[in-house]
Amino acid sequence: MNQALRIKRAVEKARREFMAQTERHINTILSNYELALNDITRELSNIDTAIDSFSTQRLTALQSFITQRITQIKNVRDGQVINALNDAGKSGFDTQMLQRAIMGKAVLDIPWDFFLPRGVEQYQSFALQLCDQYDQELVNAIQQRLRMGFIERKSWSEMITDIRRNAFGFKKYQRVDRKDKGASWKIKRMVRTETQRMRTMAEEEVIKQDPDIIGVYFYFGGGPCDGSCERLVGEYYKDGSGNGWPPPSIPIHPNCKCYTSNIYPEIKDYISSLREK
């Protein structure tokens, strides 16, 4: 029982550390969008011509500048996203090794990515494709705000605020994403979801190949949920007992905070008793 409690606490701590690590990656990735916003803000602030007198040629040049500036984000951001995914995979593997160590079993002295499944490169490419899609949506949103600004005869400062809030999704003077508004919210959700998926990939491969693990216990992680997670709580055994096999693959939904811990023969009885508590 003591080992089971130690495993649960260790997994929860590793989960918290992973979430903090993910937030650091998010801040790093979003800093690229902050810099782009600052450059676009500076470009608009330096315009000394009233909107009524702004020529079509200058508007075309401005739109070209915005497109090029957003395109430049990719050069740095792609590597940062891959780093976030790699760190997530390592977190999953390290958590598995931590549980083995608590059970007094030998820790595998091999590279963590040895257990990643084939095709992970294509999965990483998919995450980068999502980023490219969000960037294009951001360009379209900025250009839409510009067009509406011209139609409504807004000032340049009003258009800057509009672009910050409704295209990038940042509140004025604060880097706080507005839900469902702008690139920042989409990037945050994507990184949180895809890093969790990569972490789960690493864990699932170790669990599948480790004969010492006979099952896993699924825990509800709290936070926003549509009710689909709490009903999944319980034990899942490789022999099909409990709630069957395989267990649900985390994340169940975007921003999912659920997690699992390994079940070993020595602690099976205690883990099973959790359902009764």
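I started with Tyr219, which is buried, with a relative accessible area of 8%. I counted that as buried because the cut-off is under 20%. A reminder to myself: this is a predicted model.

**Entry 1: the partner of Tyr219.** I looked up which ring pairs with Tyr219, and found Tyr259. The two rings are stacked, with 4.9 Å from centre to centre and 15° between the planes. Tyr259 is buried too, at a relative accessible area of 11%. Next I checked where the two residues lie. Tyr219 is in strand β1 (residues 215–219) and Tyr259 in strand β3 (residues 259–263), so their pair ties together parts that are 40 residues apart in sequence.

**Entry 2: other rings.** How many aromatic pairs are there? I got a count of six. One of them joins Phe54 and Trp156, and this pair is edge-to-face: 5.1 Å centre to centre, with 70° between the planes. Phe54 sits in the loop between α1 (2–45) and α2 (56–102), while Trp156 belongs to helix α4 (residues 156–168), so the pair ties together parts that are 102 residues apart in sequence. I checked burial here as well: both Phe54 and Trp156 are buried. Ring pairs also bring in Phe150, which makes a cluster with Phe54 and Trp156.

**Entry 3: charges over rings.** I found the charged end of Arg199 over the ring of Phe18, 4.8 Å from the ring centre. Lys268 has its charged end over the ring of Tyr237, also 4.8 Å from the centre.

**Entry 4: helix α5.** I tested the length of α5 (residues 183–209). At 1.5 Å a residue, its 27 residues should span 39 Å, and the end C-alpha atoms are 39 Å apart, which agrees. Is α5 mostly enclosed or open? I found 20 of its 27 residues buried, so the rest of the structure largely encloses this helix.

Entry 5: The largest pocket holds about 460 Å³ of space. Its lining has 21 residues, and those closest to the centre are Arg192, Pro254, Asn255, Cys256 and Lys257. Helix α5 gives the largest share of this lining, six residues. By class, I noted eight nonpolar, six polar and seven charged residues.

Then I turned to the second largest pocket, with a volume of about 240 Å³. Among its 14 lining residues, Glu204, Ile207, Trp245, Pro246 and Pro247 are closest to the centre. Here α5 again gives the most, with six residues. This lining divides into seven nonpolar, three polar and four charged residues.

Conventions: Residues are numbered from 1 along each chain as its sequence is written. This is a predicted model: local features need pLDDT of at least 70, side-chain atom pairs count only at pLDDT 80 or more; totals for chains, interfaces and linings use all residues. Side-chain values use heavy atoms; hydrogens and water are left out. Helices (H or I, at least four residues) and strands (E, at least two) are DSSP runs, numbered from the N terminus. The expected span of a helix is 1.5 Å times one less than its number of residues. Buried means under 20% relative accessible area, exposed over 50%, partly exposed in between (1.4 Å probe, protein chains only). Rings of Phe, Tyr and Trp (its six-membered ring) pair if their centres lie within 6.5 Å; planes under 30 degrees apart count as stacked, over 60 as edge-to-face and the rest as tilted. A charge sits over a ring if NZ of Lys or CZ of Arg is within 6 Å of the ring centre and within 35 degrees of the ring normal. On a 1 Å grid over the protein atoms alone, a cavity is a set of points where a 1.4 Å probe fits but cannot get out, and a pocket is an open set with protein on both sides within 12 Å along at least five of seven lines; lining residues have an atom within 4 Å of a point. Grid points are joined across faces, edges and corners, and a volume is the space filled by probe spheres set on the points. Ala, Val, Leu, Ile, Met, Phe, Trp, Tyr, Cys and Pro count as nonpolar, Asp, Glu, Lys and Arg as charged, and the others, Gly among them, as polar.
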